[in-house]
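Let's take a friendly walk through a protein model. Have the sequence and the 3D view ready as you read.

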Amino acid sequence: MEQARLARVVLAHRGKLSKVQDAGLDGADWKLVFALRTASLILRSRTDSKLPFLRVAADAGGFAIDLPQSWLDENPLSAAALESEADYWKAIGMKLIVSGLSDKKVSVLQQVR
């Protein structure tokens, strides 16, 4: 990736996405933006706490994240930040769907891995 495009991806790591919407990013670049932004939201406390189970899907219209509902309940600031994040993606015409999974569903999905 050329240095200028990489700089635009990094610029998009927080805040409104409209600032880079017309920056010439392609589909792969948007996936990098999504990954960087998601990491900064989920790892927001910068502690060594265990990462939650996380399932991600992407299509041409945007992204979906599944997290344990118990983790969302225990981390209300992160949950609120993810809700705000969905609004940022919506503002540029893409979707971000955040769903909470039951502990039972997480257990089943972890066994499938």
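## Contacts along the chain

In the protein chain, 57% of the contacts with a separation of 6 or more are between residues 24 or more positions apart. Contact here means heavy atoms within 4.5 Å.

This is a predicted model, where local features need pLDDT of at least 70, side-chain atom pairs count only at pLDDT 80 or more, and totals for chains, interfaces and linings use all residues. Residues are numbered from 1 along each chain as its sequence is written, and side-chain values use heavy atoms, leaving out hydrogens and water.

## Helices and strands

The protein chain has five helices and three strands (DSSP runs numbered from the N terminus, with at least four residues of H or I for a helix and at least two of E for a strand).

## Where H2 meets H4

Look for helix H2, residues 27-42, and helix H4, residues 76-91: they pack at about 155°, and their axes are 10 Å apart (axes are lines fitted to C-alpha atoms over the stretch in contact, and angles run from 0 to 180 degrees between N-to-C directions). The angle makes H2 roughly antiparallel to H4, a term for angles over 145 degrees. On the H2 side, Trp30, Val33, Phe34, Arg37 and Leu41 make the contact, and on the H4 side Ser78, Ala81, Leu82, Glu85, Tyr88 and Trp89 do.

Of the 113 residues in the protein chain, 33% are buried (under 20% relative accessible area, with a 1.4 Å probe and protein chains only).

Terms used
Angles under 35 degrees count as roughly parallel, over 145 as roughly antiparallel, 65 to 115 as roughly perpendicular and the rest as oblique. Buried means under 20% relative accessible area, exposed over 50%, partly exposed in between (1.4 Å probe, protein chains only).
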